[in-house]
Amino acid sequence: MQGLRNLFRAPWSSDVKLDGQTAVITGANTGIGKETALDLAKRGARVILACRDMEKAQAAVTEIIKSSGNDAVICMKLDLSDSRSIREFAEAINKNEPKLNLLINNAGVMVCPYGKTADGFEMQIGVNHFGHFLLTYLLIDLIKSSAPARIVTVSSMAHSWGSINLEDINSEKSYNKSKAYAQSKLANVLFTRSLAKKLEGTGVTAYSLHPGVVQTDLWRHLSAPEKFFIKIASPFTKNSIQGAQTTIYCAVEPTLEKESGGYYSDCAPANCSAAGKDDELAEKLWELSCKMLSLSWD
C-alpha cells in the first residue's frame, strides 16, 4: 500500500544548493548514478565520478559539465571488485581533496553468474557490500572532518528477500544469483544501520534506499523470461531520472539532517525487512566484514 500511496504523491523536489561541497559517487557513468551526479553538479557541488570504465566515465563527465554548466566535475578510476584499486582511489582522495561532504555508494552488480573479486569474494557481496564497506572506512576521517556530511548507500527492496549467511558469505557451498544479490542488498541496509550508530554525535549521517525498479544496465544478466516479466511491469518501473530521486533526497533533503540509519523509498521513510532491523545481525556482519577485509573499525 505504501508504494501505491507514494505513486499518487506530488513528486519531491528541492532547491537546496551545494556550493562549496564535494561529492563522490561510485558507478556514476551510467543510470541513476549518472543522473545523481548531474543533479548534484547542477546544485553547485564539486562532483567526483568514481568508475571502473574510464572511457564511459569521461564521456559522462563531458555530458554533465555541458548540461550543468559546472566544470568542477571529474572522474577517477575505482574498481570495487579489487581492494588495491579501492585503496589507491581513497589515497588519492585523501591526498587531494580538502573535504568530502557526500559519499554516495551507488555502484552495483546484479544477479550475475558466479564470479569472484580480486580478493576472492563472491562478486555481488564483494562489490555491493565489501567494496563499499572498505571505501567508506578509508574515507571516514575525511568525511568526519567535513561534517555535516552524509553517506548514502543504494540498496533495493530485494533486501527483503535476503538473508545473511554468516557461515558462507561468499556462496561457496551453493550459489543462487538472486539470493546472493538479495544478501548483498540486505548487507547495505545493515551496514547503514551500524554505520549510523558508530557515527552518532559526529555530524555525519547515513541512509540506505530503494531506488524503484529502474530500467538500467544492471539488467544485462537477466534471462529472457525475467526481462519479459519486467517489460509487463514496465508502467511501474522508473527511468533513471526518476530512479535517482530517492538518492538525491537522502543526499540533500534538509529535514533528514537529524535522521540517520534509516531506509527510504520514493523520497520518504520506508519499512525495511525484519532482518534489516536486526541489530545483532548488523553487528555480526560488521565484525565479519572487518575480519574479511583485515581491518579494525570500532
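Visitor: Which residues does Asp-79 touch, not counting residues up to four places away in sequence?

Guide: Asp-79 touches Arg-52, Ser-85 and Ile-86 on that count, contact meaning heavy atoms within 4.5 Å. This is a predicted model, in which local features need pLDDT of at least 70 and side-chain atom pairs count only at pLDDT 80 or more, while totals for chains, interfaces and linings use all residues. Residues are numbered from 1 along each chain as its sequence is written, and side-chain values use heavy atoms, with hydrogens and water left out.

Visitor: Why is Ala-72 called partly exposed?

Guide: Its relative accessibility is 24%; buried means under 20% relative accessible area, exposed over 50%, and partly exposed in between (1.4 Å probe, protein chains only). Ala-72 therefore counts as partly exposed.

Visitor: What is the span of helix H6 set against?

Guide: The expected span is 1.5 Å times one less than the number of residues. Helix H6 (residues 177–198) has 22 residues and reaches 31 Å from its first C-alpha to its last, close to the expected 32 Å. Helices are DSSP runs (H or I, at least four residues), numbered from the N terminus.

Visitor: Why is H6 described as largely enclosed by the rest of the structure?

Guide: Of its 22 residues, 16 are buried, so the description applies.

Methods: Helices (H or I, at least four residues) and strands (E, at least two) are DSSP runs, numbered from the N terminus.
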